[in-house]
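Let us read this model together, one feature at a time. Keep the structure in view as the questions come.

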Amino acid sequence: MSTVADVIVVGGGVSGLTTALLLAERGLRVRVWSRDPAAATTSAVAGALWWPYRIEPEALVGDWSLETLRVYEELAAAPAETGVRMVAGVHGGERLAALGPWARALEGASEVAEGLRVTLPLIDMPAHLRWLEGRLSAAGGVVERRTVRGFAEAAAEARVVVNCTGLGARELVPDAGVRPVRGQLVVVENPGIEEWFTEADPASRATTYLFPQPGGLVLGGTAETDDARTAPDSRTAAEIVARCARIRPEIAGARVIGHRVGLRPARDAGVRIEAEELPGGGLLVHNYGHGGAGVTVARGCARTAAQLVC
């Protein structure tokens, strides 16, 4: 028999789990419906360095990002449990003056010859997603494996439905402005690199970054709009390794231990967080379209969405 719920959150990635957790901590009975286990979502593939990358609207993203940053800074006190660590690194070619007002809140950021040096949260996403699920369970929430073909299914079992379906919103809403942005990564044995590095040109489909994670050194990457391929491309993988090896030559000899592909859920009009009435009097709250920064804005967007619920 189904568990009684005040809210059903559709989508079990970082946005869905974070929103569900906030609602459960406010005393609501929450169920999460997710087609895939958290470890198989796009969120699990993410690098995942805190940084507002490929996300709009600019006027709102800064506050969402900073709110999430403060939460990650607290969670970094228990990295083995939460998956969050504070790690130093360099954003190649970046300058504070070129960033939004939110950048003034970055403590200890300094401009160096290579770019902007700063210590930021680096999140081991499989560990963080497990932590979110554990916290949600402790707060009384339930995660269920279920493929949703329409929000009416959820509205039949709860007064409020929260849409955190990412790319799935293209068909479910439907919203033709939701588009995949393909990201491919390579994981290699870490040859001793302790700091992260990124260099991204918004106009290019290729990016360069390296993130030291517990399971290996994550190398990236790509930003291929409207490319929905989920299988790794061997030529792309070789190009990623070569670009990263130009930054850190020791990477050239590192053994490859895995490949990852994720489809970032971009939206032409930017993040959508708003409520609408459903037939029959229910409430549908949208929280999707986070592009390449779902992890970066997770808490800020979850709070904004939660305010529309209660």
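Q: What is the accessible surface of the protein, and what share of it belongs to carbon and sulfur atoms?
A: This is a predicted model. Its accessible surface comes to about 13500 Å². Carbon and sulfur atoms account for 50% of that.

Q: How many helices and strands does the protein have?
A: There are 9 helices and 15 strands.

Q: What radius of gyration would a compact globule with 310 residues have, and what does the protein have?
A: A compact globule with 310 residues would come out near 19 Å. The protein has 19 Å, so the two agree. For the outline, take the box along the principal axes: the C-alpha atoms fill roughly 60 × 40 × 35 Å.

Q: What percentage of the 310 residues is buried?
A: Buried residues make up 55% of the 310.

Q: Which percentage of contacts joins residues at least 24 apart?
A: Start with contacts between residues at least 6 apart in sequence. Of these, 72% join residues at least 24 apart.

Q: What describes two packed helices?
A: Two values do it: the angle between their axes and the distance between the axes. Now the case here. Helix α3 (residues 58-75) packs with helix α9 (residues 294-309) at an angle of about 105°. Their axes are 7 Å apart. Angles of 65 to 115 degrees count as roughly perpendicular, so α3 is roughly perpendicular to α9.

Q: Which residues make the contact of α3 with α9?
A: From α3 come Val61, Trp64, Ser65, Glu67, Thr68, Val71 and Tyr72. From α9 the list includes Val295, Val297, Cys301 and Arg303. By type, the residues of this contact divide into 8 nonpolar, 5 polar and 3 charged.

Q: Is Ser43 buried or exposed?
A: The cut-off for buried is under 20% relative accessible area. Ser43 has 14% relative accessibility, so Ser43 counts as buried. Look for Ser43 in helix α2 (residues 42-45). Leaving out residues up to four places away in sequence, Ser43 touches Gly13, Val14, Met125 and Leu129.

Q: And Asp268: buried or exposed?
A: Exposed means over 50%. Asp268 has a relative accessible area of 56%, so Asp268 is exposed. Asp268 sits in the loop between β13 (256-267) and β14 (272-277).

Q: Which residues does Asp268 touch?
A: Asp268 touches Gly177 and Arg179, again not counting residues up to four places away in sequence. The C-alpha atoms of Asp268 and Gly291 are separated by 9.5 Å, with the two residues 23 apart along the chain.

How values were computed:
Residues are numbered from 1 along each chain as its sequence is written. This is a predicted model: local features need pLDDT of at least 70, side-chain atom pairs count only at pLDDT 80 or more; totals for chains, interfaces and linings use all residues. Side-chain values use heavy atoms; hydrogens and water are left out. Axes are lines fitted to C-alpha atoms, for helices over the stretch in contact, and angles run from 0 to 180 degrees between N-to-C directions. Helices (H or I, at least four residues) and strands (E, at least two) are DSSP runs, numbered from the N terminus. Angles under 35 degrees count as roughly parallel, over 145 as roughly antiparallel, 65 to 115 as roughly perpendicular and the rest as oblique. Contact means heavy atoms within 4.5 Å. Ala, Val, Leu, Ile, Met, Phe, Trp, Tyr, Cys and Pro count as nonpolar, Asp, Glu, Lys and Arg as charged, and the others, Gly among them, as polar. The radius of gyration is taken over C-alpha atoms; the globule rule is 2.2 Å times the number of residues to the power 0.38. Buried means under 20% relative accessible area, exposed over 50%, partly exposed in between (1.4 Å probe, protein chains only). Accessible areas come from the Shrake-Rupley method with a 1.4 Å probe; for residues, only the protein chains shown count as cover.
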